[in-house]
Amino acid sequence: MTALRPSDARQDSTALPPNEVCERLARELRAHTQGEVMFDAASRGRYATDASIYQVMPVGVLVPRTAEDVSRALAIARQLKVPVLPRGGGTSQCGQTTGAALVIDCSKHLRRVLAVDVEARRATVEPGLVLDHLNAELRRHGLWYPVDVSTSAQATLGGMAGNNSCGSRSIAYGNMVHNVAGASAWLADGTLVDFGAVAAATGRAQGIAEFVRRLAEQHRSEIEAHWPRVLRRVGGYNLDLFDPRSERPYTSDGSVNLAHLLVGSEGTLAFTKTLTLQLAELPRARVLGVLNFGRFHDAMASAQHIVKLGPTAVELVDRTMIELALANPAFRPVIETALIGRPDAILLVEFAGADKAALLRQLQALVELMGDLGHPGSVVQMPDEAPQKALWEVRKAGLNIMMSLKGDGKPVSFIEDCAVPLAHLADYTDALTEVFTRHGTRGTWYAHASVGTLHVRPILDMRRDGAAKMRAIADEAAALVRRFKGAYSGEHGDGLCRGEWIAWQFGPALTQAFAAIKRELDPDGLFSPGRIVDPPRMDDGALFRFAPADAPRPYRRIPLQPALDWSAWNVQNDPLTERITAPGSGGDATQGFGMAVEMCNNNGHCRKFDAGTMCPSYRVTRDEQHLTRGRANTLRLALSGQLGPDALTGDAVAEALDLCVSCKGCKRDCPTGVDMARMKIEVAAQRRARHGASLFDRLVGGLPDYAHWASRLPALMNLRDRLPVARALTQRWLGLSARRTLPRWRRDTFWRTRERAGLATAAQTLAAAPMAAVLFVDTFNGCFVPGIAHDAARVLRAAGYTLHSATRDGAHLCCGRTHLASGDVDGARTHLRALLDALLPFADAGLAIVGLEPSCLLTLRDEALVLGLGERAMRVAKQALLFEEFIVREQRAGRWQLALQPLDQPLLVHGHCHQKAFDAVSPVMEVLRTVPGARPELIDSSCCGMAGAFGYQSHHDDVSMAMAEAALLPAIRRQPEALVVADGTSCRHQIADGAGRQALHVAELLARQLVPRT
Ligand SMILES: Cc1cc2nc3c(=O)[nH]c(=O)nc-3n(C[C@H](O)[C@H](O)[C@H](O)COP(=O)(O)OP(=O)(O)OC[C@H]3O[C@@H](n4cnc5c(N)ncnc54)[C@H](O)[C@@H]3O)c2cc1C
Ligand code: SF4
Ligand code: SF4
């Protein structure tokens, strides 16, 4: 049976109000709220998508500063009859936060914890608060909010309540509906209503409760007949709140709570002002058993028995995910600890609580159960938390690896949270696998086996035949859900994707009852129209982000000749084997640049604030515009002509990229590897080609070209810092911040003093292999801090190495980094060609090219490979190592011997962003640990905020310092007696400017500790 399809004649759900209404709305919001009001095409475009396949342009965006702003905005929108769409992190997977409405983003300012009642274990919060941030505050009370969604670092409590979200541990703690104790929310008419215990309800709340109770009574037999009896049912409204059909009661004391009507209502009934949450005790101990199954079917069949042991989680990882983890060097050692042989699937079974001994007994019971079920010797026991944590990370990362599939076909989320009773899980998964095969695709299975909700995403190409396949697969999956008496919508909500399946699941009478609830609370359809009630068709191409050719506005990329080589993304994939075609064969009119941009699937991971670098500019601004996702969306809209002609080189794109510090945090931390720093170079090149270069760009980009002669005139060149008037003028003319000093020019550059470095000739160096290397001295260290290059040479020679340093006519060779940053790709290519010419003979002889400045040396391993320099670049890249990487490599080869004096000072280390992006921070720590007595401590910091020339620009002053103040500078100030190690020139400058401390390069520190020769 197919879904009761909404009529095609339904009102166009993408239609916007007339222009004059939009303009008046913007005017009034600006006049009557203190919030940020954004009605320009790029801002609207950034709010037109969430983590779903959909895109609908909103009327405009309001980022309220206060609750009062929301209240006023609702009144204005009501008066102008413009719908309103509440939004948190925008990580919904079904299009809940896309709509032709005024989007109100609560995540930037409305994020306070208002009260914590430790005794009653309750917290009251604003809706824009992120779950991890709440839990960080609760930890000191020994409490947590246990709805542990995978997006905990970016999902807001308001959004979680909106979607009735569920975590991996829902079998122990339930969904949001089981953990919300109250809500204060505005109705469409502006009334602020306290939704709480029905027994205590008065006034409007009492009226609503009475209305719902009567409605439920009228529909008792329909509820009995159609309501799925599973924990994971999130579709429709919670009309069952007076008589819960969930496997778990909604409240622990059986009372009825009207807030549960709002939970899962996806912003369609009221706008939440505050939420009161029921907290749980933080488990003091956890143990994990990893069950290995030779057959996927057996894993599925076992789940129903395992849950009887009372686990807090039972999570599936299937063969494909295991293979993906094994193929990844970082995950392989971790996943191997969990495997016995080559299993077809593993189940991660966790027990958590206060008493470790009791948990170990449960683990033992699990081992016995597996024996009873015919799987003896199949359990890997993990009683300690460190290996457990590592394994959970792999489980999470599996989805990310899967989502990084290149090509237009992508794993699409639309039936990935059907929930079936555990007794039928094995049959359901077998049958759905057959469905995929029939449709020429396949699914990778993972996640919540404990509650019968398994995530699975078939690969579909939504620009071509994806919609038809999605419909066909959805129909067949639904038939299976019905056969096994499950819930079609079991975790991520209804949105645009599953709205039409509400009628299928609940039948016409209950669908009408849902409409009656909507009419009662929101008679004029102010809130999120077309969601839950009157939904559009899930496969309406007009709603797709990548609209197909037959849609009113098909998605297409405007032809572009990129400056960099993006052909690795210009590929297609086979949905069955996931094999990708040869680079350059994908048929992309932008030669792969557009396809690289489209790798962003809007999952919002870049909104996280925890460890890692991504995304420093978002961390200090909390603006969607200054976020990797916002930038990728801006680029996608520009490349597909949705921001008007020539938008790629226009202001909207420039503004979105302005605060990107090119830290490459996203290249490493983004699940799909979106490398915004590289994209920024491409845009800078396109912009330069169209508009020419600014004076600032010429000055900074061309620095390596004039550094040699400029360093002959240090007194003149340094005047700018000494004369306040010169500072003021360079700020006015060049945009150089008057508050900043510039790196000091000096005559005694490394190249003019290179005889002190004891360098050998090329022939001597080649002859001395393997105890030999080539020191690549970059412009910055060589010109401004030559002592670092000399110290590096001293250290390497003290360790017995013969050193050479390639030069051109006695001056330095350059990696082209500054040219790239200013969009001068040709200039960079010219420099790199010369550098490769000089380094290639050594690289081909197997000698390491040792660099000191992370961003310069790593250019050889990164951008140099996409400049059309052929495999020569690859040969040099293979030998290019940072100073500390070289030392670690030599230590491992047993060649490194260096006598160092002990150090009795605390040692703080700040990793340069590019070191972090290339996993090159641990070698720094390893090298520092070779100093006797040294206990280096890594500062948990994101970007320092200087980022090459970024921090020197006056319009970046505040943002640059805010980035440094986020973690780095306070950590340094806390330890005034510590030595600080920072390998990046600009990082050291920022530390000097912000904390008044002179940080050292690791080479300087080692040189200081060398045992003097006797
Ligand atoms: C990779 C990935 C993994 C995920 N894993 C999980 C998971 O483990 N479990 C899970 O349940 N979900 C998961 N999700 C889905 C999503 O992250 C969750 O539903 C999350 O709770 C949404 O939070 P948000 O802040 O992004 O909300 P949004 O997407 O911004 O909003 C969600 C809904 O709440 C409404 N809303 C927001 N604020 C308000 C308000 N103030 N008043 C009224 N309504 C409001 C919105 O209108 C919308 O309908 C995942 C998504 C992704 C991309
Ligand atoms: S940029 Fe990466 S992390 Fe951010 S939303 Fe896109 S895919 Fe996710
Ligand atoms: S390069 Fe850094 S600042 Fe730019 S988008 Fe990526 S994480 Fe953010």
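**Exercise 1.** With which residue does R284 form a salt bridge, and how far apart are the closest N and O atoms? State also how accessible R284 is.

*Solution.* The structure is a predicted model.
- Step 1. The partner of R284 is E281, and the closest N and O atoms of the pair are 3.9 Å apart.
- Step 2. A salt bridge requires a side-chain nitrogen of Lys or Arg within 4 Å of a carboxyl oxygen of Asp or Glu, and the distance of 3.9 Å belongs to such a contact.
- Step 3. R284 has a relative accessibility of 61% and therefore counts as exposed. E281, at 36%, counts as partly exposed.

**Exercise 2.** Are the residues D461 and R463 buried or exposed? Identify the network to which they belong.

*Solution.* 
- Step 1. D461 and R463 are joined through their side chains by a salt bridge, with 3.9 Å from N to O.
- Step 2. The cut-off for a buried residue is under 20% relative accessible area. D461 has a relative accessibility of 12%, so D461 is buried. R463 has a relative accessible area of 14% and is therefore buried.
- Step 3. Salt bridges link D461 and R463 in a network with D408, R464, R557, D588 and E598.
- Step 4. For the structure as a whole, a search finds 68 salt bridges.

**Exercise 3.** Where do E871 and R875 lie, and what separates them?

*Solution.* 
- Step 1. A salt bridge connects the side chains of E871 and R875, at 2.8 Å from N to O.
- Step 2. Both residues lie in helix 36 (residues 870–879); because they are four residues apart, about one helical turn separates them.
- Step 3. The relative accessible area of R875 is 28%, so R875 is partly exposed.

**Exercise 4.** Describe how helix 10 and helix 13 pack.

*Solution.* 
- Step 1. The description of two packed helices uses the angle between their axes and the distance between the axes.
- Step 2. For helix 10 (residues 296–306) and helix 13 (residues 356–372), the angle is about 130° and the axes are 11 Å apart. Helix 10 is therefore oblique to helix 13.
- Step 3. The two helices, helix 10 and helix 13, have a right-handed crossing.

Definitions and conventions. Residues are numbered from 1 along each chain as its sequence is written. Chains are lettered from A and ligands numbered from 1 in the order in which they are written. This is a predicted model: local features need pLDDT of at least 70, side-chain atom pairs count only at pLDDT 80 or more; totals for chains, interfaces and linings use all residues. Side-chain values use heavy atoms; hydrogens and water are left out. Buried means under 20% relative accessible area, exposed over 50%, partly exposed in between (1.4 Å probe, protein chains only). Axes are lines fitted to C-alpha atoms, for helices over the stretch in contact, and angles run from 0 to 180 degrees between N-to-C directions. Angles under 35 degrees count as roughly parallel, over 145 as roughly antiparallel, 65 to 115 as roughly perpendicular and the rest as oblique. A crossing is left-handed if the near helix is turned anticlockwise from the far one by less than a right angle, and right-handed if clockwise.
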